[in-house]
Amino acid sequence: MTDSPHNAKTTRLAVLALIVLALIWSYNWIFMKSVLRYVDALDFTALRCAFGALVLLVMLPLTGRPLKPPPWRPVLWIGLLQTAGMSGFAQLALVAGGAGKTAVLVYTMPFWMILLAVLFLNEKLRLPQYVAVLIAAIGLLLVIQPWAWHGALLSSALAVASGVSWAGGTVVAKRAFRHQSVDLLSLLAWQMAVGSVVLSALALAMHKTEIVWSPYMLLVLGYNAVVATALAWALWLFILRTLPTSVAGLSSLVIPVLSVLWAWWLLGEKPDLAEGSGIALILLALALLGGLGSLRAALRRFFAVR
């Protein structure tokens, strides 16, 4: 049975939206790294999350949604983990770490989410997940290289902490809203508002260097608030409504791949043999979690002749 022409067109648009989303979020790692010439890491994270939250909150009434927040307790925890923790640790990791390497380590989130789901949601691991976690663990060791006590070790630890925080926020959301529905855009907006308050307090307490309000700084801030937040999350909601969750999860595989390529091309961040092998193993592990099968399914649907 084939899809109707309308459904086929919507599916193609969703796949295109997924490609655009991967380009937006992968290139943002280049912006987030390069902007540190003009602003401290915590200052920029607080600013981008505050403006991003503002844009998302404005989008709520514009899209016919109420401004009333979801239940506050999970929103607080998700804001602390997914916005303050994930964004804060990731930006701090970029101070000494490369953009591509940091992106790969942050996007190990699916593996931490699997482990946290086993601990807190009583989920069982399947054989492909066992294999993927093992391969990812070997890849992490090769990327982080804990046997070499160099300056990038702290950066790698911060990037991994970002992925763990992101996974923690996802597990909290899944546990809190398992038996009730919640509007995703509303949840994103309010948890980002909570996280931005925490980040702003930390940035004020640790502020050292004056912000250079250069045109480039304003460009990156605007990109993060409007393109990487408002537009990207609108695309993500459309993708989630249209494509299967497994296909939507392709972004977890495509984004770090593109980030490494952007960083290699634009910032000269060529991975050494150990890092390159570790990155390849992490991406292979992500593929084992369903990425490649989802890609084949998406491409079949996208290029199907009806």
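Arginine 65 is partly exposed, with a relative accessible area of 21%. The model described here is predicted. Aspartate 183 is likewise partly exposed, and its relative accessible area is 31%. Both values fall between the 20% limit for buried residues and the 50% limit for exposed ones. The side chains of arginine 65 and aspartate 183 meet in a salt bridge, with 2.8 Å from N to O. Because arginine 65 sits in the loop between helix H2 (41-62) and helix H3 (72-96), and aspartate 183 in the loop between helix H7 (152-176) and helix H8 (184-205), the pair ties together parts that are 118 residues apart in sequence.

How many salt bridges does the structure hold? There are 2. Besides the pair already described, glutamate 275 and lysine 101 meet through their side chains, at 3.2 Å from N to O. Are glutamate 275 and lysine 101 buried or exposed? Glutamate 275 is buried, and lysine 101 is buried too.

## The nonpolar core

The largest nonpolar core has 91 residues. Within this core, the residues that touch the most other members are Trp25, Trp29, Phe44, Leu56 and Phe111.

Which residues are in contact with phenylalanine 111, leaving aside its neighbours within four places in sequence? They are Ala132, Val133, Ala136, Ile282, Ala285, Leu286 and Leu289.

## A nonpolar patch on the surface

Leu127, Tyr130, Val131, Leu284 and Leu288 form a patch on the surface, and together they have about 480 Å² of accessible area. Two helices, H6 (127-144) and H12, each supply at least two residues of this patch. Helix H6 gives the most, with 3 residues.

One of the patch residues is leucine 127, which lies in helix H6. Its relative accessibility is 62%, so leucine 127 counts as exposed, the limit being over 50%.

## Aromatic pairs

A pair of aromatic rings is described by two values, the distance of the centres and the angle of the planes. A search of the whole structure finds 9 aromatic pairs. One of them joins tyrosine 27 and tryptophan 262: the centres are 5.0 Å apart and the planes are at 90 degrees, which is edge-to-face. Tyrosine 27 lies in helix H1 (residues 5-34) and tryptophan 262 in helix H11 (residues 251-267), so the pair ties together parts that are 235 residues apart in sequence. With a relative accessible area of 24%, tyrosine 27 is partly exposed.

Phenylalanine 31 and tyrosine 223 form another edge-to-face pair, with 4.8 Å centre to centre and 65 degrees between the planes. This pair also links distant parts of the chain: phenylalanine 31 is in helix H1 and tyrosine 223 in helix H9 (residues 215-242), 192 residues apart. Phenylalanine 31 is buried at a relative accessible area of 11%, and tyrosine 223 is buried at 15%.

Which residues do ring pairs link into a cluster? The cluster consists of Tyr27, Phe31, Tyr38, Tyr216, Tyr223, Trp262 and Trp265.

Technical notes. Residues are numbered from 1 along each chain as its sequence is written. This is a predicted model: local features need pLDDT of at least 70, side-chain atom pairs count only at pLDDT 80 or more; totals for chains, interfaces and linings use all residues. Side-chain values use heavy atoms; hydrogens and water are left out. A salt bridge is a side-chain nitrogen of Lys or Arg within 4 Å of a carboxyl oxygen of Asp or Glu. Helices (H or I, at least four residues) and strands (E, at least two) are DSSP runs, numbered from the N terminus. Buried means under 20% relative accessible area, exposed over 50%, partly exposed in between (1.4 Å probe, protein chains only). A nonpolar core is a set of buried Ala, Val, Leu, Ile, Met, Phe, Trp, Tyr and Cys residues joined through side-chain atoms within 4.5 Å. Contact means heavy atoms within 4.5 Å. Patches are made of residues with over 30% relative accessible area and no salt bridge: like charges are joined within 9 Å, nonpolar side chains (Val, Leu, Ile, Met, Phe, Trp, Tyr) within 5 Å. Accessible areas come from the Shrake-Rupley method with a 1.4 Å probe; for residues, only the protein chains shown count as cover. Rings of Phe, Tyr and Trp (its six-membered ring) pair if their centres lie within 6.5 Å; planes under 30 degrees apart count as stacked, over 60 as edge-to-face and the rest as tilted.
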